[in-house]
Amino acid sequence: MVNTVKILDYFTFYDKILIAGIVLFSLIIIFAPLGFMAENYDEDELIIVIKSGSKTVKRIPMVKTYEKTQLVEAAGPLGISIIEAEQGRVRLLEAPEEDPQKICEKTGWISEPGPVIICVPNQISIWIETSEGDLDGITW
Amino acid sequence: MNKTRKIVIVGLLVSLGLILHFVETMLPMTAIVPGAKLGLANIVSLLGIVFFGFSGGLQIVLLRIILGSLLAGTFMTINFYLSFSGGLLSFLVMYVAYRYASNKFSLIGVSVLGAFFHNTGQIIVAAYVISNSAIFYYLPFLTLLAIPTGIGVGLVSYFTADYLPKEISGGV
């Protein structure tokens with residue numbers, strides 16, 4: 001006889017409620033904003049924003065990245081981070097040597113509004129904005 | 001419990017936690033979501049709460065975080081504050097859940113709660129440090145990932161606590 005152990009037996013009723021609650025919480029946050037966030041943004045209006053701490057280092061219109069590769073140096077508490085933008089996408093090319101985990105480097109390319117490249121040790125953050133253009137229309 | 005015995009076991013759990021912490025940093029979990037990790041070191045925090053209650057558990061958590069950051073060379077840097085805030089918040093939540101709601105939650109539920117609040121605490125501190133709330137974008141992905149890792153940590157803690165001789169826990 002094989003003594004089968006069912007993993008589910010180790011969960012109490014409240015464990016399952018808790019897990020279901022957290023899954024629901026996460027999924028709602030992931031999917032809820034899409035309802036009203038502009039999905040149909042215009043590629044020409046995207047702007048790359050690079051911040052160091054609370055200061056904005058540079059704002060690059062996405063259109064410019066198609067003409068030539070943009071390299072930006074942003075200084076933080078640990079040193080200089082190098083940011084590369086090309087062909088409608090942006091990444092953190094090189095984090096300072098002192099950054100122990102270099103999570104921002106591993107994040108890789110981002111190319112649309114939503115994801116953020118965050119370098120907590122060096123306090124650099126990079127994301128893509130849709131420029132706040134004029135309203136197309138208001139309906140009551 | 002004998003005082004010397006307690007010191008020895010706390011020390012053992014702390015060193016176990018340090019090893020788990022360093023093994024964990026070798027795993028490329030950040031490829032999935034930036035900042036994601038397994039939380040293996042949470043096993044010893046949980047065991048600390050089970051065996052020693054509040055004071056012993058707190059000792060294990062604090063010693064592990066401080067020694068871990070000293071060994072990694074990140075003491076008093078932002079990385080230290082991140083793991084400190086996450087570790088402390090998840091410890092407090094896990095202690096309250098274990099102490100006052102253990103008839104409702106098993107160790108799995110306690111560990112999932114701990115993982116959830118570890119992520120939340122870290123993101124709040126990180127958002128404050130970089131003064132950019134855009135980092136909350138990653139919170140739901142991290143909390144979603146906290147479910148499997150929390151369940152895994154909870155199961156491991158459950159079986160470990162079950163197999164260790166009763167003298168270690170001293171009937172706590």
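Reader: How many bridges join strand E1 (residues 46-52) of chain A to strand E7 (residues 124-130) of chain A?
Author: In this predicted model, local features need pLDDT of at least 70, side-chain atom pairs count only at pLDDT 80 or more, and totals for chains, interfaces and linings use all residues. Residues are numbered from 1 along each chain as its sequence is written, while chains are lettered from A and ligands numbered from 1 in the order in which they are written. Strands (E, at least two residues) and helices (H or I, at least four) are DSSP runs numbered from the N terminus, and two strands pair if DSSP finds at least two bridges between them. E1(A) and E7(A) run antiparallel, and the number of bridges joining them is 7.

Reader: Which residue of E2(A) stands opposite Val49(A)?
Author: E1(A) also pairs with E2(A), in the antiparallel sense and over 6 bridges. Towards E7(A), Val49(A) stands opposite Trp127(A). In E2(A), the residue opposite Val49(A) is Arg59(A).

Reader: Which residue takes a positive phi in the hairpin of E1(A) and E2(A)?
Author: This hairpin has 2 residues between the strands. The positive phi is near 65° and belongs to Gly53(A).

Reader: What is the bridge partner of Glu86(A) in E5(A)?
Author: Chain A has an open antiparallel sheet of 3 strands in the order E3-E4-E5. Within this sheet, strand E4 (residues 80-86) of chain A pairs with E5(A) over 5 bridges. The partner of Glu86(A) in E5(A) is Arg89(A).

Reader: Which element gives the most residues to the side of chain A that touches chain B?
Author: Residues are in contact if their C-beta atoms, placed from the backbone, lie within 7 Å; the contact takes 29 residues from chain A and 34 residues from chain B. H1, H3, E6 and E7 of chain A each supply at least two residues of the side of chain A. The greatest contribution, 10 residues, comes from H1(A).

Reader: What is the radius of gyration of chain B?
Author: Chain B has 6 helices and 0 strands. The radius of gyration is taken over C-alpha atoms, and the globule rule is 2.2 Å times the number of residues to the power 0.38. For 172 residues this rule gives 16 Å, and chain B is as compact as a globular protein of that length, because its radius of gyration is close to that value, at 16 Å.

Reader: What is the average pLDDT of chain A?
Author: pLDDT is the predictor's confidence in each residue, from 0 to 100. In chain A, 83% of the residues score at least 70. The chain average is 80.

Note on methods. Contact = placed C-beta atoms within 7 Å.
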